[in-house]
Amino acid sequence: MKPASTPRIGLALGSGSARGWAHIGVIRALADAGVRPDIVCGTSIGALVGAAYVGGELDRLEEWVRSLRLQTVVSFLDFSLNGGLIKGDKLIDFFRSHFVDRDIRELERPFGAVATDLQRGREVWLREGAVTDAVRASIALPGLFTPVQRDGSWLVDGGLVNPVPVSLCRAMGADIVIAVDLNADLLGRHLKPPPAKAARKGAPPRPDSLADTVRMRIQNGITHLGINSADTLGPPAMLDVLASSINIMQVLITRSRLAGEPADVLVTPRLAELDLMAFHLAGTAIDAGRHATELALPSLRDCPNGASGDSAGR
């Protein structure tokens, strides 16, 4: 039993697609400072990392994401035009076979994931059932991943309603909430023109990122339909419009939710230059998460409830 005076620390891991690998760096920096959260909640990619952390799989997850290459990530894409560009089955099947999948209630610490009820537009807190099922629902980014059916409802990414789940941490009993916002500096990022690259004469264009690969596959499909969309003076590409729209939505919703439900400590990794689907650049994201957490640690020590590295380490 913990002393009644010891504050319960909650960790709210936010949405952000590939930028979510920064959560690994956040957790590592907190551990180095002697801070071990009692409650972990996540939205979207935050749910995936949070589940791995609470399930004792963070070391394996970090080893795996650091080993990812563009070709590996592309192999997980199972394209579909039924509810989203990517079904997500390959990715979730991989997690089921390589990482321990348990019922959420059997995890060593309380864990919750956030999803959105697509039909009712309401927030759904997932606190029971298989971990991978909860994660799959929470990461179902509209337009990219297909929705998930659960208890008669279609669920999509929790970032639509609660990108940084401070409220869920509070509801689960956290006295102090450390929140990670991955979307603070994203507005307009995906509509900026990329730097020009020199190409070998006569060579076909090669993708430099997962987003480029998706663009090329979509373009190939459009070309097969006999539609010419190569007009460079036209509007932004579909994937760029989708990414920027998601960024705008999540930034504004995050600001609104955090204004009404503020965290005690807010960690904001600077990851605007990381593409929505750059899952193969884990090292960059992890380092950014660690650095941002180290900058935020003094705020944790100054919390009114008196949390510190010594009192929080358990």
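Predicted model: local features only at pLDDT ≥ 70, side-chain atom pairs only at ≥ 80, totals over all residues.
Close-up 1. The side chain of Asp103 forms a salt bridge with that of Arg105, with an N to O distance of 3.1 Å.

**Close-up 2. Arg105 and its salt bridge to Glu128.** Arg105 also forms a salt bridge with Glu128, where the closest N and O atoms are 3.7 Å apart. Arg105 is in the loop between α5 (89-98) and β4 (111-117), while Glu128 is in the loop between β5 (122-126) and α6 (131-138), so this pair ties together parts of the sequence that are 23 residues apart. Glu128 has a relative accessible area of 44% and is therefore partly exposed.

**Close-up 3. Glu261 and Arg257.** These two residues are joined by a salt bridge, and their closest N and O atoms are 3.1 Å apart. Glu261 counts as partly exposed, with a relative accessibility of 28%.

**Close-up 4. A network of salt bridges.** Arg28, Asp59, Glu62 and Arg66 belong to one network, joined by salt bridges that share partners. The structure as a whole has a count of 14 salt bridges.

**Close-up 5. Arg109 and the ring of Tyr53.** Here a charged side chain meets an aromatic one: Arg109 lies over the face of Tyr53. The distance from Arg109 to the ring centre is 4.5 Å.

**Close-up 6. The aromatic pair of Trp21 and Phe279.** The structure holds one aromatic pair. Its ring centres, in Trp21 and Phe279, are 6.0 Å apart, and the planes stand at 70°, so the pair is edge-to-face; that class begins over 60 degrees. Trp21 is in the loop between β1 (9-13) and α1 (22-32), and Phe279 is in the loop between β10 (265-267) and α10 (282-301), so the pair ties together parts that are 258 residues apart in sequence. Both Trp21 and Phe279 are buried.

How values were computed. Residues numbered from 1 in each chain as written. Heavy atoms only, no water. Phe/Tyr/Trp six-rings, centres within 6.5 Å; stacked < 30°, edge-to-face > 60°. Helix = DSSP H or I, 4+ residues; strand = E, 2+ residues; numbered from the N terminus. Buried < 20%, exposed > 50% of the residue type's maximum accessible area, 1.4 Å probe, protein only. Lys NZ or Arg CZ within 6 Å of the ring centre and 35° of its normal. Salt bridge = Lys/Arg side-chain N within 4 Å of Asp/Glu carboxyl O.
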